[in-house]
Amino acid sequence: MHAVVFGNVTAIIQRMYSRRSLYHTRTKDLKDFIRVHRLPKALEQRMLECFQTTWSVNNGIDVSE
């Protein structure tokens, strides 16, 4: 019984860290894109806000896949 509960908690924590890592990777990729293309600050801010909002609304799930 304890092993099942411990296994389930471990799986939940792994998924949580996996999502967090994916969020940071995609944020870094977006910031790199913005830097390489030298986008204006206003557009940079809008793109980052759009990404953060979309991530929050969809819980990190890409709805286009």
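## Salt bridges

A salt bridge is taken here as a side-chain nitrogen of Lys or Arg lying within 4 Å of a carboxyl oxygen of Asp or Glu, and a search of the whole structure, which is a predicted model, finds three of them. Asp32 takes part in a salt bridge with Lys28, where the closest N and O atoms are 2.9 Å apart, and in another with Arg35, where the corresponding distance is 3.5 Å. Lys28 and Asp32 both belong to helix α1 and are four residues apart, about one turn of the helix, while Asp32 and Arg35, also both in α1, are three residues apart.

The remaining pair is formed by Glu44 and Lys41, with closest N and O atoms 3.4 Å apart; both residues lie in helix α2, three residues apart, about one turn of the helix. Through shared partners, salt bridges join Lys28, Asp32 and Arg35 into one network.

## Helix α1 and its cover

Helix α1 covers residues 2-36, and at 1.5 Å a residue its 35 residues should span 51 Å, which agrees with the 51 Å between its end C-alpha atoms. The buried residues of α1 are Thr27, Leu30 and Ile34, and what covers them includes α2. Just after α1, Arg38 takes a positive phi of about 50 degrees.

Ala11, also in α1, is partly exposed with a relative accessible area of 28%, and its C-alpha atom is separated by 23 Å from that of Val57, 46 residues apart from Ala11 along the chain.

## Aromatic pairs

The count of aromatic pairs comes to three. The ring centres of Tyr23 and Phe51 are 5.6 Å apart and the ring planes stand at 25 degrees, so this pair is stacked. Because Tyr23 lies in helix α1 and Phe51 in helix α2 (residues 41-58), the pair ties together parts that are 28 residues apart in sequence. Phe51 has a relative accessibility of 17%, and therefore counts as buried, the limit being under 20%. Tyr23, Phe51 and Trp55 form one aromatic cluster.

## A nonpolar surface patch

Met1, Val5, Val9, Ile13, Met16 and Tyr17 make a nonpolar surface patch of about 620 Å². Tyr17, one of these residues, is found in helix α1 and is partly exposed, with a relative accessible area of 48%.

Note on methods:
Residues numbered from 1 in each chain as written. Predicted model: local features only at pLDDT ≥ 70, side-chain atom pairs only at ≥ 80, totals over all residues. Heavy atoms only, no water. Helix = DSSP H or I, 4+ residues; strand = E, 2+ residues; numbered from the N terminus. Buried < 20%, exposed > 50% of the residue type's maximum accessible area, 1.4 Å probe, protein only. Patch = residues over 30% accessible without salt bridge, like charges linked within 9 Å, V, L, I, M, F, W, Y side chains within 5 Å. Areas by Shrake-Rupley, 256 points an atom, 1.4 Å probe, with all protein chains shown as cover. Phe/Tyr/Trp six-rings, centres within 6.5 Å; stacked < 30°, edge-to-face > 60°. Expected span 1.5 Å × (residues − 1). Contact = heavy atoms within 4.5 Å.
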